[in-house]
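Dear colleague,

My notes on its ligand and pockets follow it.

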Amino acid sequence: MSAPRPITPDKHPAWFEIDLSCFSGNLARIRKHVGRRLICCVLKANAYGHGLIPIAKAAEASGQVDFFGVAHLSEAIALRNAGILLPILVLGAIHEDQIEDLIRYRVEFTISSLYKARLVAERAERVGARCLVHVEVDTGMRRTGVRPESAFALIDYLLSSPCFSLRGVYSHLAMSETPGDETTLRQIESLVRLKEKISLLGLLWHLANSGGIAFYPDSWLDMVRPGLLCYGLSFPGAFPGLQPCLELKAKISYFKVVAAGEGISYGHLYRTEKQARIVTIPVGYGDGYRRDFSNRMHVLLRGKNYRIAGAVCMDQFMIDIGSDEAFVGDEVVLLGRQGNVSITLDEMAALSGTDPREILCHFNERIPRLYLKK
Ligand SMILES: *Cc1c(COP(=O)(O)O)cnc(C)c1O
């Protein structure tokens, strides 16, 4: 028997199209916006659903980024195994059992307490290696990070230990997605004050996530950490020129004519008003296409909007096209543009009462990702 080949879009009736030129264009646009600052492109959670490795390779090849940010060691190892050479910073809290791998794979990581620093030092001493670390300071997120007043002792400890090479100090913004926010201004001030007091040369100070990059130039410091913006998603009032680079498409898998008053899909949450053509689309919540889109989200077919009819099932859902025409095999756009109409992630997020990042992270590996370079 021959080795199994990966499922390619031509063997699956739905696919993501990810435009890598568009992605690189977004990086160039961010680069232009932040000038000489380093850029740490955040790739956690499968590069916000866009696919970790192809996105990392495109970012590295673009020459626009200096660092990669991930949440977990496992993501960093996947990047190294794929041949990624740029510095990688694990932003999440690490576990002391991970030290050997963090060193072996040349991964930089975050230290947020003296307690953890000592645990790490014990392990690092045993293998006689130096860990490249960044200190995270909590200026207002209250997630991880040492308090600003405790940062001095932690930094002193790291500088005096042969186990550590201190590369940076950073913090994370909690409220940066609207301009002029008081909490954000206080967070910026808090980290800047610490920077002035510590005044060590060669340290990378970083704070800005996408909101910080869009609205708070004072938060840019030495390096910025964009996630959302890299993928072309932004906020009202932010700098222009970014383009979403992911689309979700499918082919109509079935077609039937249903009489007036018939219930459609589980629970018969939708009923036809008159005799209608009902079209089946082979995507469901098993792919991460959310069940709360039932009866509410719409899709694009032949340049027109059609609302979902009834519940989204695990693997498929239906639309009611009335007396319009469509054929099995016709292309349907679930996210993205078709002719003059489009469906955006913001629209999906608003409908689900969530953040566009969560919509992206729900998309899993069942639908193949097709990478385009235009
Ligand atoms: C996720 C994350 C980012 C990127 O956030 P966006 O708002 O998507 O740009 C930056 N820094 C840290 C510490 C993060 O956890």
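**Ligand and pockets**

An oxygen atom of the ligand lies 2.7 Å from a polar side-chain atom of Lys44; a polar contact here is a pair of N or O atoms within 3.5 Å. This is a predicted model, in which local features need pLDDT of at least 70 and side-chain atom pairs pLDDT 80 or more, while totals for chains, interfaces and linings use all residues. Residues are numbered from 1 along each chain as its sequence is written, and side-chain values use heavy atoms, without hydrogens and water.

Gly227 places a backbone N or O atom 2.8 Å from a ligand oxygen atom, and a side-chain N or O atom of His172 is 3.4 Å from a ligand nitrogen atom. The protein buries 93% of the 390 Å² that the ligand exposes when taken alone (Shrake-Rupley method, 1.4 Å probe).

The ligand takes the space of the largest pocket (more than half of its atoms lie within 2 Å of the pocket's grid points). A pocket is an open set of points on a 1 Å grid over the protein atoms alone, where a 1.4 Å probe fits, with protein on both sides within 12 Å along at least five of seven lines; lining residues have an atom within 4 Å of a point. The largest pocket holds about 470 Å³, the space filled by probe spheres set on the points, which are joined across faces, edges and corners. Its lining has 23 residues, with Lys44, Tyr48, Leu91, Arg143 and His172 nearest the centre.

The second largest pocket has about 400 Å³.

Notes:
Polar contact = N/O pair within 3.5 Å; in protein donor to acceptor, adjacent residues only side chain to side chain.
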